[in-house]
Amino acid sequence: DGWMLLPGGPFTFWIQNVKMAGWSHIQAPQHGFAPTMSVQYVLEAMDWLESTAATRLRFGSSGGNPVTMIYLAKDNSMGGYHALVSPYLNGFALVDGCTAAGELWDNGYGCDAKVPVRRLNIWGPDMGTIKLLGPGYEVAAEKPDFWNSEWYDGANAGHMHYDGPDAGEKFTRGGYATPVITGRAYELQLQWSGSDVVFELSDHVVEEYFGAPEVVDLTLITPQGQVKCQVKASASRAFQAKFPPEGLLPEGRWELGDCGEKLREIAGQPPRVAPTTRAPISNLAWIRYPGLNCYGGVGADSAPGNHMGVIDLADCKSYCEEEPECTGIIVTSSDDPVGCFLRKNIVPEDCGSNSPYDLWQLELSSSGPSLTTTASTSSPSPPPTTTLTQSTTPRSTTSTPRPTLTPGEGTWQLHEGLNCYSGNGADIANGDLVSSEMSLDECQAACLEDCEGVVVVRGEDPGR
């Protein structure tokens, strides 16, 4: 007897070959408060024969989002229903093939195989409240009665509210979410808000499991006009960050898909310029430059992902190889595991020298990626046709110094959940990663000269 509490997030969670006995039941998601915690829970081969629970599946737990998450099944794991939608989305009662499922299924709305309900997530900037019109949302707006109801006011009528760091939610990338029916057409009322938008439908694995293409037709209605587009479950997920909470990858890397591109077009935005592509890994080799430290404004820019933590050198190289914009890594020179930083646009002669870091750069080589070479970093450098030796004389740079502070004059301000790095709200100050085992006070004390703030791993003290 007991209950199973499941996680929340913008993903699909699979439950397979589980037997529930006694009054045990499933509650989900736990602590996934925001609308984009829109989990698709797929139940497969569930055994309820010995269950005595009056309610087998519940929507939300411990304050978790009870509105935009959905339960899915292809077999009899949910009493013949193929989808269970939140009891707060009463518009699904009007959809042919859906019906009130009763107490056994937490008074949600159960839909048959002809009504493939899936999650729709819209990632991007805060565009205010946007509105979806179509199947499942053709009812009068209501405000649900639970503690964080402001995020779901009118959700049953397609009102979608933004969640993200700027809206007080620290643990999401920023966006909107609600269930939709694939194969159907919807209208979406919204407006361009200065940044690109990515439309995400369901997941690759769900489309494959249920064996049918998952597509939703949208008409985007904006102040500038309207345009038709499609959202597909088979679309690329390249926009997703490898290591949240860094959020979405830089806009140049987003594959916006049909609706993202059409929204940009109808808003009168210029065409997006694709990022410069790196040569194939098979044509590259790792070259080591001892003592070089390259960062924003000093010989390199941060590549998507930037600080990957303290990991094995081989793993650091692998992460760079997997990231198309990455052309090199900066690592702590005396350790393995190493502090790992991904870099792009690297100019070794402009990097800082005589540092406790090493630059490893991917360079063209006929020998392929298995070749590893150490380049001399002495100056001057011979011609590159005869050796891999490079000059490391730093270029002359100027910067505006911060005001001089006397002890006790400055005040540290905490901005919880923010990660700032080159191209994303900050530039790297001298020193960059000071230590992986330093107290917060010591880290703040190390913020000198051109340093204006520190980014640390929350919950680690001492730490990075």
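User: Y41 and Y71, are they buried or exposed?
Analyst: Both are buried. Keep in mind this is a predicted model.

User: OK, and how are the rings of Y41 and Y71 arranged?
Analyst: Their centres sit 5.5 Å apart with the planes at 35 degrees, so the pair counts as tilted.

User: Which parts of the chain does that pair tie together?
Analyst: Y41 is in strand β4 (residues 40–44) and Y71 is in strand β6 (residues 70–73), so the pair links parts that are 30 residues apart in sequence.

User: Switching to the surface: which residues make the nonpolar patch of about 320 Å²?
Analyst: That's W3, L5 and W23. W3 itself is in strand β1, which covers residues 3–5.

User: And the overall fold, how many helices and strands?
Analyst: Four helices and 26 strands. Of the 464 residues, 48% are buried. Among contacts with a separation of 6 or more, 71% are between residues 24 or more positions apart.

User: What's the average pLDDT?
Analyst: The chain averages 84, and 81% of the residues score at least 70. Residues 242–246 fall below 50, and that stretch has nine contacts beyond near neighbours in sequence. Residues 378–401 are also below 50, with 36 such contacts in the model.

Definitions and conventions:
Residues are numbered from 1 along each chain as its sequence is written. This is a predicted model: local features need pLDDT of at least 70, side-chain atom pairs count only at pLDDT 80 or more; totals for chains, interfaces and linings use all residues. Side-chain values use heavy atoms; hydrogens and water are left out. Helices (H or I, at least four residues) and strands (E, at least two) are DSSP runs, numbered from the N terminus. Buried means under 20% relative accessible area, exposed over 50%, partly exposed in between (1.4 Å probe, protein chains only). Contact means heavy atoms within 4.5 Å. pLDDT is the predictor's confidence in each residue, from 0 to 100. Patches are made of residues with over 30% relative accessible area and no salt bridge: like charges are joined within 9 Å, nonpolar side chains (Val, Leu, Ile, Met, Phe, Trp, Tyr) within 5 Å. Accessible areas come from the Shrake-Rupley method with a 1.4 Å probe; for residues, only the protein chains shown count as cover. A salt bridge is a side-chain nitrogen of Lys or Arg within 4 Å of a carboxyl oxygen of Asp or Glu. Rings of Phe, Tyr and Trp (its six-membered ring) pair if their centres lie within 6.5 Å; planes under 30 degrees apart count as stacked, over 60 as edge-to-face and the rest as tilted.
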